[in-house]
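User: Could you take a close look at one part of this model for me? I'd like to follow a charged pair and the residues it links up with.

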Amino acid sequence: MSDVQLHPVQDAWKERALIDKAQYDEMYKRSIDDPEGFWKEHMQRLDWIKEPTRIKAVNFEYPDISIKWFEDGELNVSANCIDRHLKDKGEQTAIIWEADSPDDEAQHISYQQLHAHVCKFANVLKEMGVSKGDRVVIYLPMIPQAAYAMLACARIGAVHSIVFAGFSPDALADRINDCDAKVLITADHAPRGGKKTPLKANADKALKKCGDDVKCLTVKRVGDDVDMQDGRDFWLHEMEETVGNDCDPVAMNAEDPLFILYTSGSTGKPKGVVHTSGGYLVWTSMTHELVFDYHPGDIYWCGADIGWVTGHSYIVYGPLANGATTLMFEGVPTYPDASRFWKVIEKHKVNQFYTAPTAIRALMGKGDSFVEGHDLSSLKVLGTVGEPINPEAWEWYFHKIGKGKTPIVDTWWQTETGGHLITPLPGATDLKPGSATNPFFGVKPVMLEAESGKVIEATEAEGVLAIADSWPGQMRTVYGDHERFANTYFQQYQGYYFSGDGARRDADGYYWITGRVDDVINVSGHRMGTAEVESALVSHPKVSEAAVVGYPHDVKGQGIYCYVTLMAGEEPSEELRNELRNHVREEIGPIASPDLIQFAPGLPKTRSGKIMRRILRKIAEDQYDSLGDTSTLAEPEVVDDLIVNHKDLK
Ligand code: WTA
């Protein structure tokens with residue numbers, strides 16, 4: 001992109017950085033030429049109970065997909081994130097917790113205290129009958145207990161599955177049932193942006209749809225009254241009084257699952273992405289250190305929620321494995337006003353700050369006055385994740401927040417990849433706003449022709465993005481459905497992991513992610529399967545058919561656009577629009593709330609009855625001239641109606 005300004009590595013970044021350009025080139029080459037040797041060396045960043053001798057065992061050939069790293073090794077993830085730091089860093093702050101309200105005092109939890117909390121929590125889980133291999137669902141606000149719960153599971157070998165606190169009771173119940181969880185951990189309420197979400201009441205609703213044997217452990221966050229059912233419900237603070245202080249970490253095989261995280265795909269129900277212990281921790285700790293150029297003593301802040309993979313890898317596991325100080329924020333960027341992020345950075349002297357382009361765009365839109373007057377001089381590295389960042393937002397972040405002195409790492413990765421795959425390194429990579437730049441060590445990106453699947457050898461290329469070989473942080477399977485794993489990621493382009501993203505590679509070999517090429521949309525950096533929203537809409541009694549697509553949205557990146565056909569006899573109205581919007585919020589959660597609902601008497605279908613989403617996408621994007629061939633439609637005239645109604649809607 002010629003209109004994008006190049007930002008070369010500055011001398012100050014190079015001086016401080018752990019990796020410079022020459023080192024990057026040398027290490028990258030070695031990681032590709034000799035993965036076994038490379039990872040045998042870098043797995044040493046962890047403490048192993050039994051050191052692995054077998055490094056990599058991977059088959060990417062469909063349908064027998066099998067991915068194993070460090071497979072005869074043993075370790076405990078919580079011991080790596082806590083116990084091994086106690087000797088030198090016991091007094092150092094592990095977690096800084098900043099509450100939703102700026103009036104609440106921040107908490108500083110040292111590694112010693114973290115150890116005590118996690119051991120207690122683990123003993124409570126054991127007391128509730130949880131043992132190695134059992135699943136535990138976590139439905140919590142952004143409070144320290146969320147990290148304790150994750151690490152407590154890891155300590156005793158239980159597999160956690162976090163459900164974002166913004167998901168509805170129905171979505172929660174689906175996930176509890178899919179992974180057959182033994183215990184659900186929740187809180188009385190979740191404060192966020194000055195409002196409260198009744199988490200325990202949501203949990204009660206969800207549990208009505210789950211087996212009678214699922215127990216519920218509740219953290220007292222706000223102190224409000226909640227219903228407690230005898231024999232099923234337990235308070236964390238009461239249980240903690242009944243258990244001991246010590247809990248030895250159990251030895252886990254490197255390939256034992258660490259967690260399941262549900263994520264949206266192009267079809268069907270959300271998939272339970274499974275990550276295992278050894279490879280995931282090597283990957284998250286190494287990327288956290290090198291991508292954020294983390295040095296001992298730095299204060300690091302990732303503004304994501306632990307309900308998403310970014311929170312797993314870059315609030316909890318990566319930073320704590322590195323003995324870092326990680327900041328956990330309960331609130332939102334705009335409460336009490338749009339200066340909150342900058343106030344928190346100033347207050348805690350944050351050195352690395354990591355957030356989503358949608359937040360940057362929203363704050364940029366509020367005006368610079370919210371930034372001015374805050375001392376942001378502690379910042380050394382800024383990061384973004386979740387969606388492509390437009391150059392305007394990049395430049396604003398760079399100049400207004402970083403004062404032109406800090407690199408921005410635009411990190412491309414996915415729930416499935418465990419951690420960063422394509423990203424700049426602060427001391428090594430000249431930056432181009434909007435490009436995720438170059439692959440991390442061990443990552444072999446390839447550009448494929450979308451239709452034929454042929455590898456595009458030329459440096460300059462446009463196509464779909466796939467990865468030619470495994471890396472330690474890769475997901476291993478879909479929980480309970482390995483066939484779905486193989487079919488989703490390895491069938492269409494055989495021999496490769498297919499990311500679902502389109503991309504461009506420029507003459508310098510830099511990667512530019514252009515967005516999803518499947519029926520997944522990216523709303524404010526959150527993944528949403530259009531099929532999920534459609535099935536929520538058609539579950540409403542007045543809806544006969546629905547088709548959902550993404551459309552460009554100034555702040556959210558993409559908005560949710562719904563075409564809805566009503567049952568015969570039902571009349572479109574503003575009231576019904578609101579009713580449908582609320583219905584989707586209840587079925588999935590507020591994050592799936594439709595932005596635009598267009599009532600469509602007919603949808604464009606092929607003669608065999610298949611909805612032609614391509615046409616719906618183009619209309620939603622106002623691109624009436626590029627609808628393509630509509631002659632194969634059963635009723636070509638519906639398209640004209642759709643366009644007229646679309647123009648009225650906007
Ligand atoms: C998108 C979030 C452009 C992409 C970590 C991917 C990005 C999906 C970037 C994964 C980026 C993530 N630039 N697009 N830096 N990072 N994406 O699973 O479409 O919630 O496939 O993981 O987000 O979303 P997920």
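Analyst: Happy to! Let's start with Lys347, which is partly exposed at a relative accessible area of 43% (buried means under 20%, exposed over 50%, partly exposed in between, with a 1.4 Å probe and protein chains only). Please keep in mind that this is a predicted model, in which local features need pLDDT of at least 70 and side-chain atom pairs count only at pLDDT 80 or more, while totals for chains, interfaces and linings use all residues. Residues are numbered from 1 along each chain as its sequence is written, and side-chain values use heavy atoms, leaving out hydrogens and water.

Lys347 forms a salt bridge with Glu98, their closest N and O atoms being 3.0 Å apart; the term stands for a side-chain nitrogen of Lys or Arg within 4 Å of a carboxyl oxygen of Asp or Glu. Lys347 lies in helix H13 (residues 340-348) and Glu98 in strand E4 (residues 93-98), so the pair ties together parts that are 249 residues apart in sequence. Helices (H or I, at least four residues) and strands (E, at least two) are DSSP runs, numbered from the N terminus. Glu98, for its part, is buried, with a relative accessible area of 2%.

Elsewhere, salt bridges that share partners join Arg16, Asp293, Asp298 and Lys380 into one network. Within it, Arg16 pairs with Asp298, the closest N and O atoms being 2.9 Å apart. Arg16 sits in helix H1 (residues 11-16) and Asp298 in the loop between helix H11 (278-291) and strand E16 (299-302), so this pair ties together parts 282 residues apart in sequence. Here Arg16 is partly exposed at 22% relative accessible area, whereas Asp298 is buried at 5%.
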